[in-house]
Every structure is written in C-alpha cells, then in structure tokens.
Amino acid sequence: MLSKKLGLALLLAVALSLSLASVAFANGAHKKVFMADLNPLNHSGAYGHALLLKDDGQLATKINSHGLAPNLPHAQHIHGMAQAISECPTLAADTNGDGLINTAEGLPSYGPIQVSLTTRGDTSPNSALAVDRFPVANSDGLVNYKRTFGVSAKVARNLGDFAIVQHGVDLNGNGVYDFSAGPSELDPSLPQEATIPANCGVIDRVG
Ligand SMILES: [Cu+2]
C-alpha cells in the first residue's frame, strides 16, 4: 500500500516535471529576455535599467531610470547598426572638444535610431523627436516606462546587438531645456539640452 502510494507520487512528480519542462521549452522557442544597464553620459547622473521581453514580433519594454532632469521630457530610443555591435560612447567621441557628447557624436558608437520608445502612437525612427510622446521625468527625476509594441524582423533579430539611449540633460540646471548650449544638431528648433544623451546601455540577452 505504502509503495503503491509512493509509486503514484513519483509518477505524478515525473509527469509534473515533464510538463514544466515542455512549457519552458515552448517558451524558450519564442520568448527571449534582454536587459540593459543605462549609465550616465554628459554628467547627467542618470542611471537606469531596462528589461525587454521579446515574443516573436512583440517587444515588452520596461525602463526604470533615476537622476533624469525633473519635469522634462526624455526622448528614448533603441539605437543600432546593421553590421556592428552597438557600444556606448566615451569622451573620445567628443570630436568637437566641447566636453560633451552630443547625439551625432554618439552615433558612430551606438548607431542610428531603430525604435523610438514613445508612450503612445508610432514607434518608428520617424518619431525620433516626438517630444510630446516621450516620458516626462517626475519631480524626483524618475522615469518608469512600460510599453508593449510590435518591432520589425530586423529589430527582433538584432536586438542583442543594439543599445538603449535616453536623451535630455539640463546642463545648466535651470529647470528647463534652453539654448544656453546651442541648438540641437538634429533639429535646430530644439535646444541641444533636449536631445543630448543622458545615458546609454548596451542590450544583452539574458540566459
Ligand atoms: Cu536616441
């Protein structure tokens, strides 16, 4: 009687582990997890962590950052190159020697925009500077971003070679993006402060 019970328990345990394994296998076939640690650029003091769950062509993206310029919008993108692995720029990228790495100076390291991490609507590179659709840091400089959206096959395939960049640094600390550091090289109607990179992190596959 005892051995029969034990046998049944073992059988159940084996069946359960088999079904768990098949669930894990099924998930593994389609779902992939990625993360990125965002480290400050341009003395922003802005750190962040991104978690990305890819399920076929859908990308669930979560970014938690702190130390960003409070009450100001922060453009954020997935950057990447077709042929190379993205890196985050160092001061060596400061080709004009002004002590700052603007967005164009960072491009050779992290590559062009592949995805605009907007809060709503279009997520293509066309929305790169859609300032009204990017997250606004709260009064403590926190941004908590969460959105699931579709990505192209190219982005899905190369995600682990790309990088995440959050933009916008209040360089003179006066509480607004102003033109004290000149216009943005991307769009002269926007201040440099609004588009300069605040942090960057390369995307790595987890597991
Ligand atoms: Cu960007």
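The paragraphs below lead from the overall fold of this predicted model to its copper site, its strand pairing, its disulfide and its nonpolar cores.

Because the model is predicted, local features are reported only at pLDDT of at least 70 and side-chain atom pairs only at pLDDT 80 or more, whereas totals for chains, interfaces and linings use all residues. Residues are numbered from 1 along each chain as its sequence is written, and side-chain values use heavy atoms, with hydrogens and water left out.

The protein contains four helices and nine strands, where helices (H or I, at least four residues) and strands (E, at least two) are DSSP runs numbered from the N terminus. Along the sequence these elements follow the order α-β-β-β-β-α-β-β-α-β-α-β-β. Of the 207 residues, 43% are buried, a term that stands for under 20% relative accessible area, with exposed meaning over 50% and partly exposed the range in between (1.4 Å probe, protein chains only). The accessible surface comes to about 10,600 Å², and 61% of that surface belongs to carbon and sulfur atoms; such areas come from the Shrake-Rupley method with a 1.4 Å probe, and for residues only the protein chains shown count as cover. When contacts (heavy atoms within 4.5 Å) between residues at least 6 apart in sequence are considered, 66% of them join residues at least 24 apart.

The copper ion is coordinated by ND1 of His77, NE2 of His79 and NE2 of His167, at 1.9 to 2.0 Å. Donors here are N, O and S atoms within 2.8 Å of the metal (3.2 Å for Na, K and Ca), and since water is not among the atoms, sites may look incomplete. In sequence the donor residues are spaced H-x1-H-x87-H. The pair of His79, in strand β4 (residues 76-79), and His167, in strand β7 (residues 163-167), links distant parts of the chain that lie 88 residues apart. His79 counts as buried because its relative accessibility is 0%, and His167 is likewise buried, with a relative accessible area of 2%.

Strand β4 also holds Gln76, which counts as buried because its relative accessibility is 0%. Leaving aside neighbours within four places in sequence, the contacts of Gln76 include Ile63, Leu117, Phe134, Tyr145 and the copper ligand His167.

The strand pairing can be followed from β1, bearing in mind that two strands pair if DSSP finds at least two bridges between them. Strand β1 (residues 31-40) runs antiparallel to strand β2 (residues 47-55), and eight bridges join them. These two strands form a hairpin with six residues between them, and in its turn Asn42 has a positive phi of about 55°. Strand β1 is also joined by three bridges to strand β9 (residues 204-206), again in an antiparallel arrangement. Phe34 has a bridge partner in each of these strands, namely Leu52 in β2 and Arg205 in β9. Two further bridges join β1 to strand β8 (residues 197-202), with the strands running antiparallel, and Pro40 stands opposite Asn199 in β8.

A disulfide is a covalent bond between the sulfur atoms of two cysteines, and the criterion used here is a pair of cysteine sulfur atoms within 2.5 Å. By this rule the count is one, and the disulfide joins Cys88 to Cys200 with an S to S distance of 2.0 Å. The link is left-handed, with -80° about the S-S bond. Cys88 lies in the loop between β4 and α2 (103-110) and Cys200 in strand β8, so that the pair links distant parts of the chain, 112 residues apart. Cys88 is partly exposed at a relative accessible area of 27%, whereas Cys200 is buried at 2%.

Val202, also in strand β8, is partly exposed at 31% relative accessibility. Its contacts, apart from neighbours within four places in sequence, include Met35, Ala36, Cys88 and Phe162. The C-alpha atoms of Val202 and His79 are separated by 9.3 Å, although these residues are 123 apart along the chain.

A nonpolar core is a set of buried Ala, Val, Leu, Ile, Met, Phe, Trp, Tyr and Cys residues joined through side-chain atoms within 4.5 Å. The largest has 27 residues, of which Leu52, Ile78, Leu117, Ile164 and Ile203 touch the most other members. The elements giving two or more residues to this core are β1, β2, β3 (58-66), β6 (143-150) and α3 (153-158). A second, separate core of seven residues includes Leu41, Ala93, Ile101 and Cys200.
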